[in-house]
Amino acid sequence: MRYYLVSIIEARNHLRVDTSLNDSDINQKRADASDIVMEYCKVDVDDTGFDWCDKLGEPLNVPGLVRAATMLVMGALDSNRDGSTAAPNPISPAVQNLLVM
């Protein structure tokens with residue numbers, strides 16, 4: 001199951017996309033960004049206390065700083081979609097600062 005830390009509407013707004021034509025790409029970006037952030041935070045989705053997402057994997061109780069960090073990671077993935085930057089690191093210092101817990 002995929003877990004999303006931002007909604008499709010938040011993702012569209014952050015990426016400045018006005019239509020649903022690119023939703024499959026946006027869903028992939030928000031899933032990848034969510035995975036990256038959860039891995040960085042060492043979130044165990046199998047933990048019985050995990051309540052950030054609902055049973056469908058959509059965001060439910062995601063802390064605001066985690067949500068903001070996920071959008072920054074998603075933006076980094078989108079801006080380097082063609083791989084033109086060698087070994088991009090989506091966990092920027094700004095993301096790290098947001099995720100200091």
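User: Why is Cys-53 called buried?

Analyst: This is a predicted model. In it, Cys-53 has 9% relative accessibility. Buried means under 20%. The value falls under that cut-off, so Cys-53 counts as buried.

User: How do you know that Cys-53 is in no disulfide?

Analyst: The nearest cysteine sulfur to that of Cys-53 belongs to Cys-41, 13 Å away. A disulfide needs the two sulfur atoms within 2.5 Å. Cys-53 therefore has no disulfide partner.

User: What about Cys-41, and what does a search of the whole structure find?

Analyst: For Cys-41, the closest cysteine sulfur is in Cys-53. The distance is 13 Å, too far for a bond. The search of the whole structure finds zero disulfides.

User: Why does Thr-70 count as buried?

Analyst: Its relative accessibility is 0%. The cut-off for buried is under 20%, so Thr-70 qualifies. Thr-70 sits in helix H3.

User: Which residues does Thr-70 touch, leaving out those up to four places away in sequence?

Analyst: Thr-70 touches Leu-5, Val-6, Ala-33, Ser-34 and Val-37. Contact here means heavy atoms within 4.5 Å.

User: Which members of the largest nonpolar core touch the most other members?

Analyst: Leu-5, Trp-52, Val-66 and Met-74 do, out of 23 residues. Helices H1 (8-15), H2 (23-40) and H3 (64-79) each supply at least two core residues. H3 gives the largest share, five residues.

User: What makes the radius of gyration agree with a compact globule?

Analyst: Set the two values side by side. With 101 residues, a compact globule would have a radius near 13 Å. The protein chain has 13 Å, so the value agrees. Along its principal axes, the C-alpha trace spans about 40 × 30 × 20 Å.

User: What secondary structure does the protein chain have?

Analyst: Four helices and zero strands. Along the sequence, the pattern is α-α-α-α.

User: How many of the contacts between residues at least 6 apart join residues at least 24 apart?

Analyst: In the protein chain, 69% of those contacts do.

User: What share of the protein chain counts as buried?

Analyst: Of its 101 residues, 36%. The accessible surface comes to about 6,200 Å², and 52% of that belongs to carbon and sulfur atoms.

Methods. Residues numbered from 1 in each chain as written. Predicted model: local features only at pLDDT ≥ 70, side-chain atom pairs only at ≥ 80, totals over all residues. Heavy atoms only, no water. Core = buried A, V, L, I, M, F, W, Y, C linked by side-chain atoms within 4.5 Å. Buried < 20%, exposed > 50% of the residue type's maximum accessible area, 1.4 Å probe, protein only. Rg over C-alpha atoms; globule rule 2.2 N^0.38 Å. Areas by Shrake-Rupley, 256 points an atom, 1.4 Å probe, with all protein chains shown as cover.
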